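Biologist: Can you take me through the packing in this one? Show me the model before we start.

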Amino acid sequence: NLSMLKILAALPEVHQVVFLGHEGQIELIKKENQYAASKQVQFKAVHVHEQVGGVHWFKKLGYEMLNTFRLLRAAPQESILFFCSLSPITSFFYKLIKIFYRRQKVLITLHGDIDFIQQNKSRFRNYLGKFFIWSFKWKDVMTKYIVLSKQIKDNLIETQYLEAAELYAINHPYLFKAEVVHHTPSKPLRVGHIGLASLEKNTQLIFKLAENLREEVLSGQIHFSIIG
């Protein structure tokens, strides 16, 4: 999100960016971001339900829908709304209410959960994937999508879920440091997997690697983590 914020703020015709998010995330961005005290970028905290699981999942989804509706309703017509992400169900909800805001320009970033549209996952993930499919079928000329690789764009076009005119592909944004610093390897050596652990990503191989290096793991020379 910080990377996209820097990209959007640097665009020549963008005069101001209003960033809405969880107050904790905003504080982290302010610590890392040179725009923290800039008039070009303003930060506005909105409520995001932090807990997950069980009934909290419904609360989290409800607040996401509510924030989406409030943003559509309050945004100036000449602005562009940029969603860093939308869950599958909220994506469908967005298309339902977008008919009342047809002139509003919107960009939505698609992430790894777009993979659910293949309908070859668990029953729950396939169900979520259908919400993505239904949202894609409901066309809106002012809504465009951003995917984080050209291959994803090509696949969505080839499978006819989205049309070329609806999609932009960019490389996954990242904050690269200007200079390369060579560090002495730390001990223990840490090997990690970031994101949802799944067979589609071959996450099982990290367990196989850890088993092959069992003695090094037990002796504290190497540490394996799955984060996400």
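Predicted model: local features only at pLDDT ≥ 70, side-chain atom pairs only at ≥ 80, totals over all residues.

Modeller: Residues are numbered from 1 along each chain as its sequence is written, and side-chain values use heavy atoms, with hydrogens and water left out.

Biologist: Which residues touch the most other members in the largest nonpolar core?

Modeller: Leu110, Phe136 and Leu156, in a core of 20 residues. A nonpolar core here is a set of buried Ala, Val, Leu, Ile, Met, Phe, Trp, Tyr and Cys residues joined through side-chain atoms within 4.5 Å. Buried means under 20% relative accessible area, exposed over 50%, partly exposed in between (1.4 Å probe, protein chains only).

Biologist: And what does Leu110 contact?

Modeller: Leaving out neighbours within four places in sequence, its partners include Phe132, Phe136, Tyr145 and Leu162. Contact means heavy atoms within 4.5 Å.

Biologist: How many residues are in the second core?

Modeller: That separate core has 14, among them Met4, Val41, Phe82 and Leu107.

Biologist: Switching to Ser3: buried or exposed?

Modeller: Ser3 is buried, at 12% relative accessible area. Beyond residues up to four places away in sequence, Ser3 touches Pro173, Tyr174 and Leu175.

Biologist: What about Ile99, how exposed is that?

Modeller: Ile99 is partly exposed, with a relative accessible area of 30%.
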